[in-house]
Amino acid sequence: QGQYAQAEPLYKRALAIDEQALGPMHPNTATGLNNLAGIYYSQGQYAKAEPLLKRALAITEQVLSPMHPDTANSLNNLAELYYHQGQYAKAEPLYKRALTIHEQSLGPMHPNTAASLGNLAKLYESQGQYAQALQYIRQGSCISYQRILEHSRAATSGENKKKTGVKIAFAYHLKIAAARLAQAPNLRTALTAETFEISQLFHDGTVGNALAQMAARFSSGNDALADLARKKEDTQHKWQQADAALIAAIGQPNAKQDPQLIQRLRTRVQELRATLDGLNQRLAQEFPEYAALTIPKPIALGQVQRLLKPGEGLVAFTLGWEKTKSFVWLITPNSASFRQINRTAEDIAKQVKILRAKLDPVANTRLKEAFPVAVAHKLYQDILGPETARLVEVKTLFVVPDGALESLPFSVLVTAPPVGNPQNYQNIAWLSRKWATVTLPTVSSLRALRTLATQRQAANQPFVGFGDPKFTGDPSANRGVGGIRLIGDINSGVIPANRLSTILGPLPGTAIELKANAKTLGAGANSIFLQERANIPQVYKTRLKDYKVVQFATHALVAGEIKQFQLGQAEPAIALTPPVTSTADNDGLLRASQIAKDLKLNADWVVLSACNTAAPDGSSGAPGLSGLAKAFFYSGAKALLVSHWSVVSEPAVVLTGHMFKQWQDNPQIGRAEALRRAQMYVLDNPDRSYYTHPGAWAPFVVAGEGGVGR
């Protein structure tokens, strides 16, 4: 709490007890010295801290050994003191010695070794020696990536803390690379490619529980995959145990260490790591879809360029960690750029929050409050403005957002300052006037959609829709979830049918929407399931793979909106008519894991015209669209139409109907272009005045395969 005056005498007293009870040369005494030094260090009283840190170092060297990990920690503490005083010549040999200890005692691929490499990178970066800094941070990132693979499905809080450290390291790698690029512009091509891959590791550094659950469901239906997945999990568990035992053995005082045990454990850790690598390779070769869910692997910049078609571009963001700046990459088939954004994640989050407050019809009733056009233009200038000239060659822009940008459709950004009345929305230079946009959960999902997806015959039926489930809660014109927080953790048990039915409000407007879309696409009345028929058994009974367009027009529950009363992460779900009596297989909620494993699709579109279906799924560190939307990707959908906020039913009916008409009438355009045209139609031909507000025409985004052409 920064209450140093209160802490100091307590630390001093603890140190005195250790010195008297255990002795002045005991490891606990060294810990007490480091704690007291930390108080002075935090207050900038370096002269008081230095002798304490030197004494702690002398104790660990003499009592534990010069090559003990605790000695490395003491060396780092003293080096940090000198570093923050700008005494780099004194700090450098201490950091290097700590690195040597970690490499020899814990191994060259241990996280502590990566931390020591990061310290040296920081030292050289502070002196403007970016080439040397980049050399060390590259080694650290290599270790961090290996750690991600080894713990790709770990969910313990301790491992999540390590992953947080990994993300910070990747963010620092990007910062150093940007500084090196400014120093050596001739390295632009190489550094753009390098940072592009590192940015993907930053995003994939944590795999949420929802994805792990989906992966488990995939494996349960295939004996060969299930066996291989179990072997990987067993090996990973054994590796974690051996690694922990090795650290504990090395952490013993020098006199109590067992060299033979340490060597056996080192050999065991290396063997298990090699086995894990082999299992990951087999999974990637034999079951690529499962591997895509569970094994983070970046895609090279050149491969992205080969996947992009003429007229397409891909823009990816990494927002700055803590106080660091953010970064953006713009990739086209013929060019690539890497640029630092002069805004932190917090800066961008503030801008997005202002915009979102006026877009959501729940927060902005009937969209009466004006949309802050000037803020939307400023955000565009901050994150994309310098790339405008290069965007001229792009017609469809794939967007891989990060942080707060995940909760904002790029269509509401404004590319030029407003002229005249900013509330005359038809005269605003919306980004959708120029570009159709597609949202991707990760860069690698483009590869999955265009190369890993199996080639199948086109579906032969035009449309099937499920909507207007039988709910008896408060009616609302918006497809929101409101009191759903009362339900609790939907992943931990069955939801009583009567509670679900009474909490959620009826959605009669969705029936109108489904009927209109069915008519546009040439489908009959028997392709629509409403009220009691809009239920989970009917979804399972329907041969969904026969339909080109599959639509769910109902409430959606995003995991981040659900209050959790038990351990574990709630899955996102689609709410359908609940049964009279809930069971484990049917309680009215179609969960992401059920969608991923049980539904077999061959759809050009899956339309989720519900509430917040594009929001992040709430799992720790999971990227946006990793819940419902990604589940539908893996069930066989090529593209999705998903919403960022509660949908106002009336304009949603007009928008989706016009979108499908454009799609039907213009075979040469892509899905994102069909949506863009529909958005501009609602804006320029409003049935009601409030339709021109972006809250009415901009909630939807195309996710997945929405590029140019068919």
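Residues are numbered from 1 along each chain as its sequence is written, and side-chain values rest on heavy atoms, with hydrogens and water left out. As the model is predicted, local features need pLDDT of at least 70 and side-chain atom pairs count only at pLDDT 80 or more, whereas totals for chains, interfaces and linings use all residues.

Rings of Phe, Tyr and Trp (its six-membered ring) were taken to pair if their centres lie within 6.5 Å, with planes under 30 degrees apart counted as stacked, over 60 as edge-to-face and the rest as tilted; by this rule the count comes to 16 aromatic pairs. The rings of Y124 and Y136 are stacked, because their centres are 5.7 Å apart and their planes stand at 15°. Since Y124 belongs to helix α6 (residues 111-126) and Y136 to helix α7 (residues 130-150), this pair ties together parts that are 12 residues apart in sequence, helices being DSSP runs of H or I with at least four residues, numbered from the N terminus. Y124 counts as buried at 6% relative accessibility, and Y136 counts as buried at 14%, where buried means under 20% relative accessible area (1.4 Å probe, protein chains only).

The rings of W329 and F338 also form a stacked pair, with centres 5.3 Å apart and planes at 20°. W329 is buried at 0% relative accessibility, and F338 is buried with a relative accessible area of 4%.

Elsewhere, F371, Y425, W430 and W697 are linked into a cluster by ring pairs.

Notes. Helix = DSSP H or I, 4+ residues; strand = E, 2+ residues; numbered from the N terminus. Buried < 20%, exposed > 50% of the residue type's maximum accessible area, 1.4 Å probe, protein only.
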